[in-house]
Amino acid sequence: MADTLRLPYCAAGIAAAIGASLLVSDPYVASVVNLVSIAALIAVSLRFVMLIGELNFATAAFVGIGAYTTGSVLTIWDWPFGIAMISGGIAAAAVSVVFGYVTLRTKGPYFLLIGFAFTEAVRIIYSKSMGLGGNSGMVGIFPPIAFDPWMPTFVMSIAALLIFVLYVIEKSDFGKIFTAIRDNEDVARTVGLNILFVKVACFAIASFAAGVAGSLHAVVNNVISPGDFSFLLAAFALAYVKVGGEDNIVGPIVGAILLVVLGSYALGLGGHEHIFYGAAIVLAVLLMPEGVTGLLHKGRDFVMARGKRNAD
Amino acid sequence: MQTESQNSTEPLLKTSGLTRRFGGLIAVNDVDFEIRPREILGLIGPNGAGKSTTFNLISGFYKPSSGSLKILGSDCTGRSSMVISRMGLVRTFQHGSLMPSMTVHENILLGTLHGIRGHAARRKRAEETAEMLGLTSYLAESAGTLPHGIQRLVSIGIAFAARPRLLCLDEPLTGLNQTEVTDTLSMLERIRDDFGCSVLLVEHNMKAVMQVCDRIVVLHHGEVLATGTPTEIRSDQNVINAYLGHRHGN
Amino acid sequence: MQTVIQLTLTSLQIGAVYILFSLGLTLIFGVMRIVNFAHGHLFAVSALLVAVMLSWLAGMGIPILPAYLLAVLAGVTASAALGFIIYVFGFKYFQRDMVGSFILSIGLVLLLDGIFLEIFGGGVRAVPEILPGSVEILGASVTQQRLFLCGMAVVITAALYWALTYTKLGKALRAVSIDHEAAMLQGVPYSRLALAGFMIAAVLAALAGALIAPISIVTPVIGADYLIKGFIAVIIGGLGSIPGAILGALFVAVIETVGSFYLDPTSATITIFVLVIVVLQVRPKGLMGHG
């Protein structure tokens with residue numbers, strides 16, 4: 001119920017943010033907006049697979065597959081920009097269907113560690129593929145020149161659109177099966193649901209989003225290298241989810257905004273990126289296991305309870 | 001012991017020679033029984049008699065070592081639990097047969113997802129099911145926080161929302177008080193009479209089994225000891241010797 | 001023939017380190033059901049300290065072997081202290097919480113990565129040779145240091161195996177990892193056991209780090225490679241299984257060595273990855289996993 005009430009506010013907020021991004025002219029702000037949008041999309045993708053109860057460290061690999069696909073399509077084949085963007089998502093989703101079909105029979109630590117190994121294996125493949133630029137990566141992945149001033153708006157709109165689609169899927173009847181699988185896979189199976197199919201579908205949808213995030217990363221940075229897509233990328237995404245809170249889709253977005261903005265500020269002051277993100281995760285899991293959104297909820301309940309008491 | 005009755009109606013489920021070994025242990029040995037349309041069949045036996053294994057075998061959670069399983073005349077031996085549930089056999093579990101983080105409504109809705117197209121139709125089915133089980137006032141509550149008795153009903157609700165031909169319940173009465181037992185039993189009778197659904201009841205509560213079941217299969221040491229109506233079972237000398245003669249734990 | 005012996009010896013050398021590493025991972029998982037990604041940093045801290053201390057002590061004119069022993073002592077103490085801190089302030093609260101503990105460990109990985117870089121710098125450290133010279137084994141040449149590493153790993157593994165099989169603590173640790181609830185019902189003091197298991201794992205990682213320092217290039221991120229291989233070894237063997245960890249570690253070491261020799265290191269890594277997936281298709285809980 002609360003969700004249906006919140007939806008218009010969310011839509012309005014997103015529209016306002018996209019509108020505001022049109023006014024961004026400062027290149028530093030523009031780069032932060034791009035970073036935040038991509039980070040939020042990756043974090044939402046990671047959380048999407050957490051709905052079926054699995055931690056998907058292969059996310060980093062799928063972001064990389066999206067980035068390298070878009071990079072190849074633009075620089076090697078010179079195809080149109082739109083096709084390059086969507087092909088990143090499609091390639092990631094296609095690989096994820098095969099990978100998911102094979103690995104989603106395992107669960108928990110096994111699935112997590114396989115995803116981690118996959119990310120590292122894929123990264124090694126890039127660094128050994130001369131066609132993909134080897135260790136130094138690919139350069140010159142540019143969006144059309146006309147796009148340049150609108151880049152933050154474009155990136156944010158794509159991210160917002162995909163996040164919205166993931167939200168709609170999560171709230172649909174189909175999305176309810178995800179939570180059911182996390183809660184009690186056996187019961188879901190006994191009412192005739194094809195659990196492996198649902199898991200692979202969830203995984204592929206999330207990977208499509210991760211792939212597009214990779215495409216955005218490629219055209220925003222113009223340069224990609226294997227080092228961009230190590231398991232640390234998934235670890236950062238996990239930080240966004242944990243700091244923001246995983247209970248609803250707003251959490252990872254809040255986490256991404258908070259950490260990327262604070263992070264880029266701290267880095268500007270000469271801080272160390274790893275220490276910053278590491279400390280954020282450690283403090284979040286120790287002090288606020290429900291994340292910032294969880295704290296806000298509790299705070300709201302507390303204030304409301306006090307208000308009630310005062311009224312009595 | 002078991003005579004093939006001249007049933008005009010085909011049995012819903014029929015096992016022949018169903019056997020399952022775990023290493024050297026034979027948990028279920030050469031078990032033959034059938035479940036007919038519109039009946040409540042009790043599956044009883046002391047602890048370790050093979051009830052749970054049999055239950056897992058017919059619902060596809062274990063593969064039989066030998067023997068066969070037929071549902072509505074077609075061979076389902078070794079098929080997955082998903083295929084078997086799509087044939088109309090839906091089961092519950094002894095422990096925590098629901099989704100604790102979801103609402104009662106969402107829980108029951110799950111049972112409708114495979115069989116029904118369209119959200120509105122699913123909602124309607126879920127609400128009907130909830131009403132039948134007396135769960136309407138709990139629909140919006142989170143299932144994991146409800147009292148034990150209500151949770152038991154919710155798990156039956158998930159299974160029954162799929163409108164199975166055969167509803168298999170694994171000890172649904174455990175931990176219920178007397179009123180709740182009476183209510184659940186009358187609900188099972190309604191499921192049979194109003195919906196024409198058969199029920200397989202694995203249960204320790206002997207009084208309840210004798211009261212509600214049309215027929216009873218008694219397992220002992222993994223084998224079928226006796227099959228018959230409650231009256232026949234009560235007077236069966238084998239059963240009295242092996243089982244009813246001495247009191248059992250729970 | 002010489003190739004076969006050379007490859008076998010190399011496999012054993014690499015395998016020795018992987019065994020020490022994965023024994024710790026599997027022990028912690030077995031007892032506490034946690035996946036600890038920061039395990040590589042317990043290993044790294046020891047390797048780094050050994051490298052720093054050894055150069056420093058040797059520079060002061062202390063003979064190389066005593067200097068090495070002192071450095072090892074410092075390295076193991078530092079790892080144990082770090083292990084104690086992250087257990088008492090962190091993992092203690094996340095026992096049997098796979099997701100929570102994993103996330104905590106990822107946070108620790110990032111944090112410690114940054115801290116190590118700040119303290120030790122990103123540079124590569126060369127460690128002076130402690131046992132110069134090499135010996136001939138069946139026509140294959142192997143350096144004394146590597147032989148020493150192998151020998152120590154075998155001794156430590158055997159000692160651990162013996163301790164887990166015959167001592168009271170070892171039996172309790174195994175009981176908890178096989179059936180937690182039953183062990184609890186028997187009145188096993190779980191929180192003391194968890195700490196003991198965690199500290200044993202930390203010391204194993206520290207010893208592995210101290211042994212690898214003289215024969216390897218030591219950097220602050222040295223733990224990462226071993227972490228990946230160590231986890232692959234325990235997935236293959238089955239999380240929580242001690243024989244599984246040993247088997248998995250040797251398996252990974254052999255494929256890595258043979259693959260690198262006949263193909264190249266990249267193909268070897270990819271092969272290992274493919275094999276993990278094949279193993280998990282057949283046995284979703286590893287070769288020796290239970291439950």
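Domain bounds are those of an automatic or database domain assignment. On this basis, chain B is divided into domain 1 (1-88 + 177-250) and domain 2 (91-163), and the C-alpha centres of these two domains of chain B lie 25 Å apart. The structure is a predicted model, in which local features need pLDDT of at least 70 and side-chain atom pairs count only at pLDDT 80 or more, while totals for chains, interfaces and linings use all residues. Residues are numbered from 1 along each chain as its sequence is written, and chains are lettered from A and ligands numbered from 1 in the order in which they are written.

Between the domains of chain B, 5 residues of domain 1 are in contact with 5 residues of domain 2, two residues being in contact if their C-beta atoms, placed from the backbone, lie within 7 Å. On the domain 1 side, the largest share, 3 residues, comes from helix α6 (residues 178-195) of chain B. Helices (H or I, at least four residues) and strands (E, at least two) are DSSP runs, numbered from the N terminus. The residues of this side divide into 2 nonpolar, 1 polar and 2 charged; Ala, Val, Leu, Ile, Met, Phe, Trp, Tyr, Cys and Pro count as nonpolar, Asp, Glu, Lys and Arg as charged, and the others, Gly among them, as polar.

Chain B also holds an open sheet of 4 strands in the order β2-β1-β4-β5, with antiparallel pairing. Its edge strands, β2 (25-35) and β5 (74-75) of chain B, each pair on one side only. Two strands pair if DSSP finds at least two bridges between them; strand β1 (residues 13-22) of chain B is joined to β2(B) by 7 bridges. Arg21(B) has Ile26(B) as its bridge partner in β2(B).

Chain A comprises 12 helices and 0 strands. Its radius of gyration is 20 Å, close to the 20 Å that the globule rule gives for 312 residues, so chain A is as compact as a globular protein of that length. The radius is taken over C-alpha atoms, and the rule is 2.2 Å times the number of residues to the power 0.38.

Between chains C and A, 32 residues of chain C are in contact with 30 residues of chain A. Two or more residues each are given to the chain C side by α4 (98-120), α9 (222-237) and α11 (265-282) of chain C, and the largest share, 16 residues, comes from α4(C). By class, this side has 23 nonpolar, 7 polar and 2 charged residues.
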